[in-house]
Amino acid sequence: TSSARRQRVCILGSTGSIGTSTLDVIALHPDTFEVFALTGQRRVDELFAQIVRWRPRFAAVPDAAAANELGARVKAAGIATEVLAGAKALEELASHPDVDQVMAAIVGAAGLPSCLAAARAGKRLLLANKEALVVGGQLFVDAVKQGGATLIPIDSEHSAIFQCLPTDPAAWNDTVDHIILTASGGPFRTRDPATLGDVTPDQACAHPNWVMGRKISVDSATMMNKALEVIEARWLFDLPPERIQVVIHPQSIIHSMVVARDGAVLAQLGTPDMKGPIAFGMSWPARMDSGCEPLDFMKMKALTFEEADAVRFPGLHLSWAALRAEPGSTTVLNAANEIAVEAFLAGRLRFDGIHRVNAQALEQVLPAGGDASSVEALIALDARARDAARAHVGRLAEQR
Ligand code: NAD
Ligand code: MG
């Protein structure tokens with residue numbers, strides 16, 4: 001009703017690709033949503049511009065010096081936004097009693113603590129930050145349950161699955177035979193695999209259908225993004241790995257599919273634009289305008305499908321392997337991949353080295369004492385995997 005107060009949104013990672021798309025969606029619905037908090041890391045000028053435009057109650061950046069400088073600029077501009085510093089500030093904002101919805105749009109395992117804080121505080125948690133769920137696994141799912149939070153996927157494939165499933169999660173297991181995640185195949189889908197060692201970061205980031213941050217763009221090129229999404233789906237929908245399949249669909253029109261017990265296939269279609277899943281997550285169970293271009297079936301070309309080639313995309317298959325291995329293996333895989341992608345983007349690792357680093361870490365780094373059941377244990381495991389990956393990046397660099 002018109003008298004209901006606006007939903008207060010905390011956007012973690014507001015300066016990124018998902019963060020800015022979230023603000024684009026909010027701009028379409030000024031009577032429904034209000035920007036409560038914005039956070040960024042390095043792009044402080046962009047964050048300042050967002051503060052000027054949105055006048056949030058809070059803003060935060062991890063670095064203390066950057067926060068001081070930003071705070072001074074905000075004050076000089078006569079804006080009342082309070083600027084906080086430090087990683088803990090993200091957790092405080094994510095769990096702030098006045099927040100209704102948290103958009104988790106930080107990239108990487110760095111987003112895990114703030115996601116857990118939002119989950120424990122019972123927030124409506126809009127999850128773009130897939131790495132947090134891949135790292136947190138069962139612990140993340142338990143935090144959502146215990147906190148009474150509502151976890152809504154923003155990743156387009158998982159949003160599609162969520163949109164095709166019954167509203168009541170209790171009915172999911174009886175309804176679903178398996179799910180099929182679609183993958184575009186990225187920029188190297190048809191490139192000669194023998195030449196993949198030489199590709200540059202800019203070539204890897206030139207995604208054919210989606211405009212995204214650099215880390216997820218590289219993950220799309222290796223298909224490690226789909227590997228992370230298989231693991232994400234395992235936790236979001238409580239499915240064993242053998243009931244999660246992947247098919248390459250280069251047009252990215254079908255965003256994913258549910259194959260029901262009776263053989264019926266339910267699919268969600270749309271233009272490749274993250275404003276769709278973002279608007280759905282923010283308005284669920286209702287729907288609202290997303291600002292996406294509608295699909296035009298009269299202009300659409302063929303929708304095609306291919307198997308994901310294990311020679312070209314060896315990383316994809318690490319997801320099922322990690323899910324079947326001991327708990328904590330997916331934490332190791334994600335950590336190694338973050339280090340490998342960072343090294344590739346910095347010119348310290350060849351593109352085909354990413355898989356070698358990831359596979360090696362998965363084989364060598366095991367949870368100390370088999371324990372991956374606390375946040376502390378997971379963070380320690382993540383750190384050990386990063387060390388092992390860095391060492392392997394170093395060895396590969398020497399061989400060049
Ligand atoms: P991006 O690189 O464009 O933005 C990342 C945001 O996180 C920025 O605001 C940055 O300042 C912040 N950030 C990075 N490291 C941080 C740290 N250590 N501490 C605090 N803040 C930090 O990334 P993106 O493409 O928007 O992706 C964000 C997340 O959403 C990723 O997990 C990605 O996998 C997922 N996702 C993105 C898309 C997409 O289309 N971009 C689609 C599906 C899922
Ligand atoms: Mg996705």
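Trainee: To start with the sheet, which residue in β6 does V102 stand opposite?
Mentor: V102 stands opposite L125 in β6. Please note that this is a predicted model, in which local features need pLDDT of at least 70 and side-chain atom pairs count only at pLDDT 80 or more, while totals for chains, interfaces and linings use all residues. Residues are numbered from 1 along each chain as its sequence is written, and chains are lettered from A and ligands numbered from 1 in the order in which they are written.

Trainee: How many bridges join β5 to β6?
Mentor: Strand β5 (residues 101-104) and strand β6 (residues 124-127) run parallel and are joined by 4 bridges. Two strands pair if DSSP finds at least two bridges between them. Strands (E, at least two residues) and helices (H or I, at least four) are DSSP runs, numbered from the N terminus.

Trainee: In what order do the strands of the sheet come?
Mentor: The order is β4-β3-β2-β1-β5-β6-β7, an open sheet of 7 strands with parallel pairing. Its edge strands are β4 (82-85) and β7 (150-153), each of which pairs on one side only. On average, neighbouring strands are turned by 25 degrees against each other, direction ignored.

Trainee: Which strands does α3 lie across?
Mentor: Helix α3 lies across β3 (58-61) and β4, and runs at about 175 degrees to β4. Axes are lines fitted to C-alpha atoms, for helices over the stretch in contact, and angles run from 0 to 180 degrees between N-to-C directions.

Trainee: And at what angle do α2 and α3 pack?
Mentor: Helix α2 (residues 44-54) packs against helix α3 (residues 64-76) at about 35 degrees, and their axes are 11 Å apart. V44, L47, F48 and I51 of α2 meet A66, L70, R73 and V74 of α3, where contact requires C-beta atoms, placed from the backbone, within 7 Å. The residues of this contact divide into 7 nonpolar, no polar and 1 charged. Here Ala, Val, Leu, Ile, Met, Phe, Trp, Tyr, Cys and Pro count as nonpolar, Asp, Glu, Lys and Arg as charged, and the others, Gly among them, as polar.

Trainee: Changing topic, which residues are closest to ligand 1?
Mentor: The closest are G13, G16, Q41, M212 and G213, among 27 residues that surround ligand 1; a residue counts as near if its C-beta atom, placed from the backbone, lies within 6 Å. The elements giving two or more residues to this shell are α1 (17-28), α6 (130-147) and α10 (214-222). Of these, α1 gives the most, with 3 residues. The shell comprises 11 nonpolar, 10 polar and 6 charged residues.

Trainee: What about the backbone: where is M223, and is M223 buried or exposed?
Mentor: M223 is in the loop between α10 and α11 (224-236), and M223 is buried, with 29 other C-beta atoms within 10 Å. A residue is buried if 20 or more other C-beta atoms, placed from the backbone, lie within 10 Å of its own, exposed if 12 or fewer, and partly exposed in between. M223 has a positive phi of about 70 degrees although it is not a glycine.

Trainee: How does R55 count by that criterion?
Mentor: R55 counts as partly exposed because it has 13 C-beta neighbours inside 10 Å. R55 lies in the loop between α2 and β3 and has a positive phi of about 45 degrees, although it is not a glycine.

Trainee: Lastly, which residues does a cis peptide bond join?
Mentor: W284 and P285 are joined by a cis peptide bond, with omega about 5 degrees. P285 is in the loop between α12 (275-283) and α13 (318-324).

Technical notes: Contact = placed C-beta atoms within 7 Å.
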